[in-house]
Structure formats: structure tokens, C-alpha cells
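Have the model open and follow along.

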Amino acid sequence: RQLAPRERRARLHFSEQFAHVLSDTLAHNLRLAAPGSSDEQLLAALAWSELDIASTPGELHQWLGDEGRRLSGGEQKRLALARAWLRDAPVWLLDEPFEGMDDALAGRLAAKLNEVRRRRLLIIASHLTPGTLAPDSILSYTRVTP
């Protein structure tokens, strides 16, 4: 309550369970998180998130969504992680970041998130927990039906 809404948004990155993919270029979809990002920063975010759909600046202009490349569920998760990396907010809330990935990929990304949590607060809501994920604490919820 002490922070204005704009200040709160600047400090928090939320990756929803189903990432929004706009019918637009890959670059525009990434720059939603950080409008001033250079092409090199976008490519670095894609590399960090292991979203292997662009490796050159020209490939950032490929069209996603309607009339373009459709992303799988796992690719959408990695797009959301690339956006988080670009935002560089001190708090990351990630909803089901490992869904739609094979164990090896989820493990590699979990290891990268372990590094992220050394510099920022990382909150992950997930029913999947790769063995390489090393959280500081785990809260568990079990729904009890009457």
C-alpha cells in the first residue's frame, strides 16, 4: 500500500500459467516486458530461456500467432521466462513454469531459476518440481473435500 500502482508493477513480474502470445512479431511479444530492449537483449533472453526459435536479429521479425508461427505450450512457458528475464524485476511470480517441457529441459531451466533466486524473490506455483530446483522453502496445499 505504500507504493503507487506503477511502482508495484515495476517491482513485480507475473508469468501466468498460459502466457499471452500476441499475433505480432516475436520481437514485439518480447518487448511487452521491456520496451527498450535491443535485439541483442532479446536474443540473450531467448537463449537464457532456451526458446530456440530465433538466433539472429532478422528472425526476431517472424510473425507469431494467427497467420504465423504457433507456439507449443512449452514454448509459451519459455516465452514467459524470456519476458521475466528481460523485465529484471526484483520479484518474479511464476505459475506452472515447467508445464509442457521434458524433464531435461525443465531441469536445466530450474537450475537457471536457482541462480535467479540468489538476486531476487522467486515464487513458483507448480505441481511439477524438477529435481534440480532448490527452493529455500516449500508451501504445500492439499484441497480437502467435505
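The residues lining the largest pocket split into ten nonpolar, four polar and three charged; here Ala, Val, Leu, Ile, Met, Phe, Trp, Tyr, Cys and Pro count as nonpolar, Asp, Glu, Lys and Arg as charged, and the others, Gly among them, as polar. The largest pocket holds about 610 Å³ of space. Of its 17 lining residues, Ile124, Pro135, Ser137, Ile138 and Leu139 sit closest to the centre.

A quick word on what you're looking at: this is a predicted model, where local features need pLDDT of at least 70 and side-chain atom pairs count only at pLDDT 80 or more, while totals for chains, interfaces and linings use all residues. Residues are numbered from 1 along each chain as its sequence is written, and side-chain values use heavy atoms, with hydrogens and water left out.

On a 1 Å grid over the protein atoms alone, a pocket is an open set of points with protein on both sides within 12 Å along at least five of seven lines, a cavity is a set where a 1.4 Å probe fits but cannot get out, and lining residues have an atom within 4 Å of a point. Grid points are joined across faces, edges and corners, and a volume is the space filled by probe spheres set on the points.

Next, find the second largest pocket, with a volume of about 360 Å³. It has 14 lining residues, and Leu12, His13, Phe14, Ser15 and Arg87 lie nearest its centre. Helix H1 (5-11), strand E1 (12-15) and H4 each give two or more residues to this lining, and E1 has the largest share with four. Helices (H or I, at least four residues) and strands (E, at least two) are DSSP runs, numbered from the N terminus.

H4 (73-87) turns up again at the largest cavity, where H4 and strand E2 (91-95) each supply at least two lining residues. H4 gives the most, three residues. About 40 Å³ of space lies in this cavity, and its lining includes Ser15, Lys77 and Asp95.
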